[in-house]
Amino acid sequence: GAPRRPAAPRAAPLRVGAMGDQHVHVWENTYIMQPKDEEKFLPSKVHAVIKKVMDEYLKDKEYQVEDAKMWTLDLSNEIKAAVKTDCNIPRYKVIVQVVIGESASQGVRVASKCLWDVSSDNWSSYTYTNSSLFAVGMVFGCYYE
């Protein structure tokens with residue numbers, strides 16, 4: 001969408017402690033209430049990105065409880081960056097959640113709830129499994145004006 005344009009600069013700069021003068025930019029609303037067709041969150045595109053990142057990152061990993069927390073943070077950041085780069089959804093807030101657990105013949109159900117606009121917001125997920133672990137990556141895209 002069209003980027004926001006700066007409003008007229010403030011008359012006096014905002015003073016911030018000993019750091020000197022700092023100008024504050026005030027942004028005007030663009031009133032773009034819906035994404036363009038080519039900038040919509042498409043679950044199939046996002047699914048492919050999640051799959052690519054998770055398959056590459058987890059391909060030679062074995063579950064270690066100490067490492068799993070760091071893996072979730074790394075995967076979340078990598079998925080978010082890849083979705084923003086590859087999916088052309090500039091006006092979306094991208095939320096990523098990754099769950100990693102040990103595969104021990106148990107059943108697991110991962111669920112999320114969200115309140116959103118069904119005409120523009122969406123989600124996608126991918127589940128990775130190998131002999132020692134499972135990982136679920138969920139990406140939520142919420143359009144913002």
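In these legends, two residues are said to be in contact when heavy atoms of theirs lie within 4.5 Å, and the model shown is a predicted one.

**Figure 1. Helix α1 and what its buried residues pack against.** The buried residues of α1 pack against α2, β4 and β5. Which residues of α1 are buried? They are Val46, Val49, Ile50, Val53, Met54, Tyr57 and Leu58. Seen down the axis of the helix, these buried residues fall within an arc of 130°, so they line one face of α1. On the face turned away from that buried side, α1 carries the exposed residues Ser44, Lys52 and Glu56. Tyr57, one of the buried residues of α1, has Lys61 lying over the face of its ring, at 4.5 Å from the ring centre.

**Figure 2. The whole chain, as a setting for the other views.** The protein has two helices and five strands, and when they are read along the sequence they follow the pattern β-β-α-α-β-β-β. Of the 145 residues in the protein, 32% are buried. Among the contacts with a separation of 6 or more, 71% are between residues 24 or more positions apart.

Figure 3. Strand β5 is made up of residues 133-143, and eleven of its eleven residues are buried. In a regular strand the side chains alternate between the two faces of the sheet. For β5, both faces are covered: one side has Leu133, Ala135, Gly137, Val139, Gly141 and Tyr143, the other has Phe134, Val136, Met138, Phe140 and Cys142, and all of these residues are buried. Strand β3, residues 92-102, runs antiparallel to β5 and is joined to it by eleven bridges, and within this pairing Gln97 stands opposite Met138. Strand β4, residues 122-129, also pairs with β5 in the antiparallel sense, over eight bridges, with Ser124 standing opposite Val139.

**Figure 4. Aromatic rings brought together from separate parts of the chain.** A pair of aromatic rings is described by the distance of the centres and the angle of the planes. The count of aromatic pairs in this model comes to three. In one of them, the rings of Tyr92 and Tyr143 have their centres 5.5 Å apart and their planes at 70°, and because an angle over 60 degrees counts as edge-to-face, this pair is described in that way. The pair links distant parts of the chain, since Tyr92 belongs to strand β3 and Tyr143 to strand β5, 51 residues apart. Both Tyr92 and Tyr143 are buried. A further aromatic pair, formed by Trp116 and Phe140, is tilted, with 6.4 Å from centre to centre and 55° between the planes. Trp116 lies in the loop between β3 and β4, whereas Phe140 lies in strand β5, so this pair ties together parts that are 24 residues apart in sequence. Is Phe140 buried or exposed? Phe140 counts as buried, because its relative accessibility of 10% is under the 20% cut-off, whereas Trp116, with a relative accessible area of 25%, is partly exposed. Tyr92 and Tyr143 also belong, together with Phe41, to one aromatic cluster.

Figure 5. Ala68 has its place in helix α2, which consists of residues 65-86. Because its relative accessible area is 6%, Ala68 is buried. Which residues is Ala68 in contact with, once its neighbours within four places in sequence are left aside? They are Tyr63 and Ile100. Val99 is 31 residues away from Ala68 in sequence, yet the two C-alpha atoms are 8.9 Å apart in space.

Figure 6. Gly101 has its place in strand β3 and, at 8% relative accessibility, counts as buried. When neighbours within four places in sequence are left aside, Gly101 is in contact with Tyr63, Ser132, Leu133 and Phe134. Ser132 is 31 residues from Gly101 in sequence, while the distance in space from C-alpha to C-alpha is 8.7 Å.

Notes. Residues are numbered from 1 along each chain as its sequence is written. This is a predicted model: local features need pLDDT of at least 70, side-chain atom pairs count only at pLDDT 80 or more; totals for chains, interfaces and linings use all residues. Side-chain values use heavy atoms; hydrogens and water are left out. Helices (H or I, at least four residues) and strands (E, at least two) are DSSP runs, numbered from the N terminus. Buried means under 20% relative accessible area, exposed over 50%, partly exposed in between (1.4 Å probe, protein chains only). Two strands pair if DSSP finds at least two bridges between them. Rings of Phe, Tyr and Trp (its six-membered ring) pair if their centres lie within 6.5 Å; planes under 30 degrees apart count as stacked, over 60 as edge-to-face and the rest as tilted. A charge sits over a ring if NZ of Lys or CZ of Arg is within 6 Å of the ring centre and within 35 degrees of the ring normal. The arc is that of the directions from the helix axis to the C-beta atoms.
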